[in-house]
Amino acid sequence: MRLTATFRANDGKGRVRLAYWGTIAGQGAGMTPPYCAVCGKDFRGEYFHTGKGGDLLRFRDYAPLADGAVGMPRGAAWFCRMHLEDARTLDAQPLGEAIEVLRRRFGGFPPPAIGPMPDPELWVVCAGSNLAAVLRLVRSSSGWTPAQARERLMAGPFCLASGWPCELAPWVELLRQAGASVEIRYP
Ligand SMILES: [Zn+2]
């Protein structure tokens, strides 16, 4: 099942940040945000920006929310990509029983720490052969000194910046053009 989402809230940095609202099976419903029901992983950032990171599943006891109601429908839960396929094989059971099976299989996890939605991160995995060009880009995007930038580049993969995908995209493009290997990661 696909969800559509719109977001609206403040992230505390003065930017308008989007709060989670979802639509399940075409029915309007304010949903709880994407935290895995097994391990508690917070995949709000990835789900919001890419629609990935996990999904919402319905179980045998699924009951849609009444019109205008907010919360999580009975018998529905989010699962991160690590636990999604295992959860899906149990969706003919009521949610509570499926969760028990999954917790026995994967063990207990601490409850999720609820906080602001983390931004995606731009990681430089490998500088490549054009070190001088990559060094210049790292310096201008981070404000680090030449020595700091060189030290980070030599130390292995590092997080260069965090922000919204549209803020990171120009740097991704420039770094790739300079021969660096970069990744967008969702913390
Ligand atoms: Zn999980």
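Guide: Val134, Leu137 and Ser141 in α4 meet Trp171, Leu174 and Leu175 in α6; contact means C-beta atoms, placed from the backbone, within 7 Å. This is a predicted model, where local features need pLDDT of at least 70, side-chain atom pairs count only at pLDDT 80 or more, and totals for chains, interfaces and linings use all residues. Residues are numbered from 1 along each chain as its sequence is written.

Visitor: How many residues of that contact of α4 with α6 are nonpolar, polar or charged?

Guide: Five are nonpolar, one is polar and none is charged. Nonpolar covers Ala, Val, Leu, Ile, Met, Phe, Trp, Tyr, Cys and Pro, charged covers Asp, Glu, Lys and Arg, and the others, Gly among them, are polar.

Visitor: New topic: which residues touch the most other members in the largest nonpolar core?

Guide: Cys36, Ala37, Leu57, Ala77, Trp78 and Phe79, out of 20 residues in that core. Such a core is a set of buried Ala, Val, Leu, Ile, Met, Phe, Trp, Tyr and Cys residues joined through C-beta atoms within 7 Å. Buried means 20 or more other C-beta atoms within 10 Å of a residue's own, with C-beta atoms placed from the backbone.

Visitor: And what does Ala37 touch?

Guide: Leaving out residues up to four places away in sequence, Ala37 touches Ala77, Trp78, Phe79 and Ile99.

Visitor: Which residues does the second, separate core include?

Guide: Among its 14 residues are Ala127, Ala149, Ala178 and Val182.

Visitor: What share of the protein chain is buried?

Guide: Buried residues make up 27% of its 187 residues.

Visitor: How many helices and strands are there?

Guide: Six helices and 10 strands, taken as DSSP runs numbered from the N terminus (helices H or I, at least four residues; strands E, at least two).

How values were computed
A residue is buried if 20 or more other C-beta atoms lie within 10 Å of its own, exposed if 12 or fewer, and partly exposed in between; C-beta atoms are placed from the backbone. Two residues are in contact if their C-beta atoms, placed from the backbone, lie within 7 Å.
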